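Reader: I would like to learn how to read backbone and strand features from a model. Please take me through one.

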Amino acid sequence: MPDQSPSRPASHSVTVERQRLRFAAGHFATFADELEPIHGHNYDVFVEVVGPLTDESWVIDFSLLKRLTREVCETLDHKFLLQMDSRTLTIADDDTHYLIQYRDELSYRLPKHDVAALPIDNSTAERLSQYIAGQVIASLGSSGPPGLARLRVGVEEMPGQAAWFETDL
Ligand SMILES: [Zn+2]
């Protein structure tokens, strides 16, 4: 066995990624108070879980981790990703639509069934990875093994361009 550093003990992790862990979605992010034009990405999702080995030498069942992640992806697939906590957009809704206002320049009216209304301040890959991590953690809490240490989620907007969020469990 390799030496274990006292500050950072050796650990095991598993990863699942791409394949069916992806979603196609539209969005506009804001940057320096400017609003991007509506566009879309084929997002790929990566999940890494760090944890102790069970008696049978696994961290978490791959198929479980893929299923939990895929379930989150499915809620985002073919949706418009709307940052409900935006400080730049004014968002209202009625029974059937979201009404989105950007300054007095642009307004959008989107059917609710086409929108993933997300509790984030901006639809950046950084916030999307954090949101997905939160959803996966909630599912792991009810169906994952005990004792997992850390979760890391990546969201790749396009090949070679990804943002990551990681947190202790
Ligand atoms: Zn984009």
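Author: Start with Arg103, which counts as exposed because it has 11 C-beta neighbours inside 10 Å. The scale is this: a residue is buried if 20 or more other C-beta atoms lie within 10 Å of its own, exposed if 12 or fewer, and partly exposed in between, with C-beta atoms placed from the backbone. Two notes on the source belong here. This is a predicted model, in which local features need pLDDT of at least 70 and side-chain atom pairs count only at pLDDT 80 or more, while totals for chains, interfaces and linings use all residues. Residues are numbered from 1 along each chain as its sequence is written.

Reader: Where does Arg103 lie?

Author: Arg103 is in the loop between β7 (97–102) and β8 (106–111). Its phi is near 45°, a positive value in a residue other than glycine. Helices (H or I, at least four residues) and strands (E, at least two) are DSSP runs, numbered from the N terminus.

Reader: Which other residue has a positive phi although it is not a glycine?

Author: Gln19 does, with a phi of about 50°. Gln19 sits in strand β1 (residues 12–27). With 10 C-beta neighbours inside 10 Å, Gln19 is also classed as exposed.

Reader: How do I read a sheet, and in what order do β6, β7 and β8 stand?

Author: Strands of a sheet pair through backbone hydrogen bonds, either parallel or antiparallel. The criterion for pairing is that DSSP finds at least two bridges between two strands. Here three strands form an open sheet in the order β6-β7-β8, with antiparallel pairing. β6 (89–93) and β8 stand at the edges with a single partner strand each, so one side of each has no neighbour in the sheet. On average, neighbouring strands of this sheet are turned by 20° against each other, direction ignored; axes are lines fitted to C-alpha atoms, for helices over the stretch in contact, and angles run from 0 to 180 degrees between N-to-C directions.

Reader: How many bridges pair β6 and β7?

Author: Five bridges, in the antiparallel sense. Asp93, for instance, has Tyr98 in β7 as its bridge partner.

Reader: Which strands does β10 pair with?

Author: Strand β10 (residues 150–158) is joined to strand β4 (residues 39–51) by seven bridges, and the two run antiparallel. In this pair, Asp44 stands opposite Glu156 in β10. β10 is also joined to strand β11 (residues 161–168), again antiparallel, by eight bridges. There, Val153 has Phe165 in β11 as its bridge partner. β10 and β11 form a hairpin with two residues between them, and Gly160 in the turn has a positive phi of about 85°.

Reader: Is Ala125 buried or exposed?

Author: Ala125 is buried, because 21 other C-beta atoms lie within 10 Å. Ala125 belongs to helix α2 (residues 125–143). Leaving out residues up to four places away in sequence, Ala125 touches Val155, Glu157, Ala162 and Ala163; a contact means that two C-beta atoms, placed from the backbone, lie within 7 Å. Ala125 and Val155 are 30 residues apart in sequence and 5.8 Å apart in space, C-alpha to C-alpha.

Reader: What pattern does the protein follow along the sequence?

Author: The pattern is β-β-β-β-α-β-β-β-β-β-α-β-β, with two helices and eleven strands. Of the 169 residues, 24% are buried. The C-alpha trace spans about 65 × 30 × 25 Å along its principal axes.
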